[in-house]
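Biologist: I have a few labels to check with you. Take me through what lies behind each one.

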Amino acid sequence: MTESLSRAQQKQQTRANIMSAALKKMNQDKGFSSLSLREVAKEAGIAPASFYRHFDNMELLGLELVAQADSALQLILEDTKKLEGRGEEMVEKSVSVCMSHFRENGALFRVLTREATGNSPIIRRAIKRCLHQINQQLAAIIEVETKRYNRIITNSMFVAEAISTLVFYIGIASIDLPYAKQKEAEKRLAHHIRAVYWGAEAMANSQHMTRQLLIS
């Protein structure tokens, strides 16, 4: 029983090593489509043939990395849901949580951002599905918050997409900066998010007033 468990743990560790090796190579400006199985195996310290004990092909490895990124994004959403506050305070707290996760999983999120427009159609589609689901969940959170405080905004999905795009690209670009620069980026990101939300709210109020005038 102990020996069987040890083998299972060893297999799990080797699988994790393969994924870490792929991430490392891809963070050296190596696109997934140009990454070879032999390169990954060498970096992971295994024979190329051993790769197939864990993944049937490179695309399944890529899909597993996307799934790992999705889990990391889900954790960000869960952590932001636990926050308390409203208005500007809530935005700043949420940005701080996001940036903390980005620093912790920088290699993974860099790859996700770059491969969203990479050369592998399968990986692009997987990332698109992942981000769409995240945006749907974020839109649902935005709707709950706006109703809680009796506010209205335009299409919550559009707002979610704008916010997630800002978070990804400003967040990813800042994770390797010195601490002071990271804090500046957090302030800038919070400002942009507020601008998106206030713009959506102003547009919704304008549309509401226009409808009221037409009715009257």
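Modeller: Start with the backbone. Just after α7, Asn150 has a positive phi of about 55°. Keep in mind that this is a predicted model, where local features need pLDDT of at least 70, side-chain atom pairs count only at pLDDT 80 or more, and totals for chains, interfaces and linings use all residues. Numbering runs from 1 along each chain as its sequence is written, and side-chain values use heavy atoms, with hydrogens and water left out.

Biologist: What makes a stretch a helix, and how many helices are there in the protein chain?

Modeller: Helices are DSSP runs of H or I with at least four residues, strands are runs of E with at least two, and both are numbered from the N terminus. The protein chain has nine helices and zero strands.

Biologist: How do you know that the span of α7 agrees with its 28 residues?

Modeller: The expected span is 1.5 Å times one less than the number of residues. For α7, residues 121-148, that should give 40 Å; the end C-alpha atoms are 40 Å apart, so the two agree.

Biologist: Why are α4 and α6 called roughly perpendicular?

Modeller: Axes are lines fitted to C-alpha atoms, for helices over the stretch in contact, and angles run from 0 to 180 degrees between N-to-C directions. Angles of 65 to 115 degrees count as roughly perpendicular, under 35 as roughly parallel, over 145 as roughly antiparallel, and the rest as oblique. Helix α4 (residues 58-81) and helix α6 (residues 106-115) pack at about 110°, with axes 10 Å apart. Therefore the pair is roughly perpendicular.

Biologist: Which residues of α4 and α6 meet?

Modeller: Contact means heavy atoms within 4.5 Å. From α4 come Leu65, Gln68, Ala69, Ala72, Leu73 and Ile76; from α6 come Leu108, Phe109 and Leu112. By class, that contact has eight nonpolar, one polar and no charged residues.

Biologist: Why is Gln182 called buried?

Modeller: Buried means under 20% relative accessible area, exposed over 50%, and partly exposed in between (1.4 Å probe, protein chains only). Gln182 has 7%, so Gln182 is buried. This residue lies in helix α9, residues 179-215. Leaving aside neighbours within four places in sequence, Gln182 is in contact with Arg103, Ser174, Ile175 and Leu177.

Biologist: What share of the 216 residues of the protein chain counts as buried?

Modeller: The share is 39%. In α7, the buried residues include Ile123, Cys130, Asn135 and Thr146.

Key
Nonpolar A, V, L, I, M, F, W, Y, C, P; charged D, E, K, R; others polar.
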